[in-house]
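Good morning, colleagues. Please turn to the sequence and the structure on the screen, and I shall take you through one site and one interface.

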Amino acid sequence: METTTKISNRLTELFQKKSNNLLNIYFTAGYPAINDTVTVLKALEKAGVDMVEIGMPYSDPVADGPIIQQSSLDSINNGMTIKTLLGQLKDIRKEVTIPILVMGYFNTVMQYGVEKFMQEISAIGIDGVILPDLPLDEYTEHYQTLCESHNISNVSLITPNTSDERLHVIDNITQGFIYMVSTNSTTGNDAKKTEDNHDAYFSRIKNMGLKSPRMIGFNIKNKETFEDACAYANGAIIGSAFVRMLSTSKNIEADIIQFVQRIKN
Amino acid sequence: MNYNVDKKGYYGSFGGAFIPEMLYPNVEELRENYLKIINSESFQTEYKDLLRNYVGRPTPLYFAKRLSEKYNTNVYLKREDLCHTGAHKINNTIGQILIAKRMGKTRIIAETGAGQHGVATATACALMGMPCVVHMGAVDIERQKPNVERMKMLGAEVIPAMTGSKTLKDATNEALRDWINNPVDTFYIIGSVVGPHPYPDMVARLQAVISEEIMSELQTITGNPEPTHVIACVGGGSNAAGAFYHFLDRKNVELIAVEAAGEGIYSGYSAATTFLGKPGVLHGSKTLLMQTEDGQVVEPHSISAGLDYPGIGPMHAHLFETGRAKFISATDKEAFQAAFMLARTEGIIPALESAHAVAALETLTFKNSDVVVVNLSGRGDKDMMTYITRKEEFLTKN
């Protein structure tokens, strides 16, 4: 793991400038309507979020709960594909300056061609990828050099059950941030309250002296849970709660501004 | 050529463990322990005792005289349909629950399509006094009511999968999500040679008793442990993995896998993965997968719910790619007709899955000296409703 080549992109620069209360919002590409991707993205920047995570839909998203499953299915039915998404984002850097990550399951990227994918997202100005079902050893063996050569941050997940030994391995190869999954859960699982020992988990990670920034995600849904997470990490990620809001919104732009203001103010 | 799994969990270019980090500790814990447990004397003693006295093993290798006359060769049926619960599935669930117990797990989850694996899991859980949750597609719950009731009678909780097509693929997604939500106390008993490493290898080893018995039975009957052909149906491929296992390195034995062609391989209603799939990642392993150009998984179709799966186990993808096994297919109609043929020739009503293997006798040619073993993986009681309702359609001559 000593072979990691340090990269520099909007994401790594952001963490150098700002180290706390960072808000990352996840939304599914092509949702609610196929051409909403850029609209949502621009509204999020205008509303003051620090970075965004765009979901590339997959038919079988095992790490996701019902809300993101449904948005993914709707997005696929709307006709969204990686090719369409990259077409929508082609000129995004003329309008949007915040870091952009894309999140998706490995199969869709594999079919698109991993090398072609990394080349093209890098050319567009996307800063990072989150591929939850691409395991760490597959990444280091086959794709780490590729990502680094294109200045793409590959964001790894950790959970309450990740061992200290593995945390250090992840910390060493992380470019961008470590995605701390808040609890043993799929996304947006309301039934699953934060762990009884969530303070212990959050504190343990906070006090490990990791060199990588950390963002806490999964079941962060409002000002209270956002601020709680920010006490232990550099920021937090909201996904399902935002997608749920979009699913009923009659005025996407106004509702996005309001949603973000409620979190941040 | 190595046909078994390598140290990294791969069969050639297929396999691996493509799982979210949330499942890494669970799968890693299993990977570190499964061989140690399976090879331990205490496991072997308990497993073999249960297979013999509870499951009813060894199952007979039956020389099918009238079938042999019909096809002018020597046909033997490996009678997995005579296992307790009516199919080979219980070989695996008994083995996995013994592993779960030794790993200190207290809650069992499973996915099921037709309900055979669900019933076999519920049975093993009842036997061991462990709570059992079975995820089953809402559509499958509707069309497999008797098996749902069997699971409930055995004390299992059956949770409908309401996502996607509401069938086996979605039940598997829900079981994986259940495991993500309950990673510490729960053991996931996967029903086929699919999923992240070590599942395909673990399930193949637990089903390998099938080919182990075939060899010793043939030795007794013919004086030669090797047949010329072994035929088995393949959905995920657990019965085929078990029937092939001890013959993988015996090149004289031709291995024949029969996939479900549904209404025809290229009809758009098929589950013939090696014909229609390309390499992809689903349910934790890289394998052949039916999918769109954009990598979205395609809904398969087969009259047999147990073969209604868009992928195959990575071991089979490798056997296909290397040519070690020959992959053919049978349509809904061919399987249906083979079931009636077997019923009337030998007095055995097969499961619709196993009927696909029987159908291969019709399409392949054999020498009269050949020794052909057909793995009769399950019995047909569960399929009676289909046999009754679709008889007119499939048995009329045209």
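**A loop residue and a chain interface**

I begin with L154(B), which is found in the loop between α7 (145–153) and β7 (157–161) of chain B. Please bear in mind throughout that this is a predicted model.

Is L154(B) buried, exposed or partly exposed? Its relative accessibility is 31%, so L154(B) counts as partly exposed.

Which residues does L154(B) touch, leaving aside its neighbours within four places in sequence? The contacts are with V119(B), A122(B), T123(B) and A126(B). For A126(B), 28 residues away along the chain, the C-alpha atom is separated from that of L154(B) by 6.2 Å.

I turn now to the interface. Here 34 residues of chain B are in contact with 36 residues of chain A. The area buried between the two chains is about 2,800 Å², and carbon and sulfur atoms give 51% of that area.

As to polar interactions, there are 21 residue pairs in polar contact between chain B and chain A, with both residues at pLDDT 80 or more. The count of salt bridges between the chains is three. One of them joins D60(A) to K169(B), with the closest N and O atoms 2.7 Å apart.

Which elements of chain B each supply at least two residues of the side that touches chain A? They are α1 (24–38), α8 (168–181), β11 (278–282) and β12 (285–289). The largest share, seven residues, comes from α8(B). By residue class, this side of chain B divides into 17 nonpolar, eight polar and nine charged residues.

Key
Residues numbered from 1 in each chain as written. Chains lettered and ligands numbered in written order. Predicted model: local features only at pLDDT ≥ 70, side-chain atom pairs only at ≥ 80, totals over all residues. Heavy atoms only, no water. Contact = heavy atoms within 4.5 Å. Buried area = accessible area lost by both parts, 1.4 Å probe. Salt bridge = Lys/Arg side-chain N within 4 Å of Asp/Glu carboxyl O. Polar contact = N/O pair within 3.5 Å; in protein donor to acceptor, adjacent residues only side chain to side chain. Helix = DSSP H or I, 4+ residues; strand = E, 2+ residues; numbered from the N terminus. Nonpolar A, V, L, I, M, F, W, Y, C, P; charged D, E, K, R; others polar. Buried < 20%, exposed > 50% of the residue type's maximum accessible area, 1.4 Å probe, protein only.
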